[in-house]
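Please look over the following protein model with attention to its strands, its backbone, its aromatic rings and one of its pockets.

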Amino acid sequence: MSKQLMIYDNIQPLTEKHAKWSVSVENHEFINHLNSVPVLATEIAFAASEFPVIFSATGTEGEYLPLAVMGLKDGQNLLLDEKNILTTRYVPAFIRRYPFVLGGSKDSDMMALCIDEDSKALVQDGSRGAPLFKEDGSHSEVLTDIVDFLKDYQYRAELTRTFTKKLHDLGLLEPMSANISFKAKEDVNLNLGGFFVVKREKLKTISDEEILDLFKKDGLELIYAHIQSLANFNRLIDIMSAKLAAE
């Protein structure tokens, strides 16, 4: 599954060098190689209506990353149309913040506003799109909104870490795998694995006190949204079946 910065190729601090630059995100080509993207905990209820939402271990003990699944194998995104535009109504914040990102340590008081200098969404001569700066060198309204969005994203990312750590501490996350076979001109078999889900049965084993705590912090709502979202794997299977049949 995808890692946090896979859509960024050349992250650089935003400086006076970019005074004439503008931004124009015309499609989602930058995610055409991703079979999943991170989602924030507060997005799970929205994303769950259209994507399978699963959890991936980050490599740090007890930390997991919620992911919206968009494909069934590496390098595959089944949810982009012929113009490389996401076909879903909901677009995860991880995608919406591109080509901007806050750089620096999460423990630092100061995080730098950065851009992917190689992004096709950035126009160096400012001939189209929204300017990043005003004539006096101050932030444009668009850039001011972007900074606010990124700060909010960072705050919600911390809430997400707290939420997934809670799932881990309660022992609710279990590894899951699946084998999918497609009948086409040539039989195709896929093995899905390396991700975690919450099982309803596990919820019944934790204490009433913990259930109440999850409920009051909206965690229970997110868990059930995640569980229900797994049915969206069927949508991805249908899309892939249609693609294979058309080849």
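Q: In β9, which residue is the bridge partner of Val 23?
A: The model is a predicted one, in which local features need pLDDT of at least 70 and side-chain atom pairs count only at pLDDT 80 or more, while totals for chains, interfaces and linings use all residues. Residues are numbered from 1 along each chain as its sequence is written, and side-chain values use heavy atoms, with hydrogens and water left out. Strand β2 (residues 22-23) and β9 run antiparallel and are joined by two bridges, where strands are DSSP runs of E with at least two residues and helices are runs of H or I with at least four, numbered from the N terminus. Within β9, the bridge partner of Val 23 is Ala 130.

Q: Is Asp 218 buried, partly exposed or exposed?
A: Asp 218 is in the loop between α5 (208-216) and α6 (219-229), and has a positive phi of about 65° although it is not a glycine. Buried means under 20% relative accessible area and exposed over 50%, with partly exposed in between (1.4 Å probe, protein chains only). Because its relative accessibility is 45%, Asp 218 counts as partly exposed.

Q: Which element gives the most to the lining of the second largest pocket?
A: This pocket holds about 350 Å³ of space, a pocket being an open set of points on a 1 Å grid over the protein atoms alone, where a 1.4 Å probe fits and protein lies on both sides within 12 Å along at least five of seven lines, and lining residues having an atom within 4 Å of a point. Of the 15 lining residues, the closest to the centre are Phe 163, Lys 217, Asp 218, Gly 219 and Leu 222. The elements that give two or more residues to the lining are α1 (44-47), α3 (141-169), α5 and α6. With four residues, the element that gives the most to the lining of the second largest pocket is α3.

Q: Which class of geometry describes the ring pair of Tyr 64 and Phe 196?
A: Rings of Phe, Tyr and Trp (its six-membered ring) pair if their centres lie within 6.5 Å, and planes under 30 degrees apart count as stacked, over 60 as edge-to-face and the rest as tilted. Tyr 64 in strand β5 and Phe 196 in strand β11 (residues 188-198) are 132 residues apart, so that the pair links distant parts of the chain. Tyr 64 is buried at 12% relative accessibility, and Phe 196 is buried with a relative accessible area of 19%. The ring centres of Tyr 64 and Phe 196 are 5.2 Å apart and their planes stand at 75°, so the pair is edge-to-face.

Notes: Pairing = 2+ DSSP bridges. Points joined across faces, edges and corners; volume = space filled by probe spheres on them.
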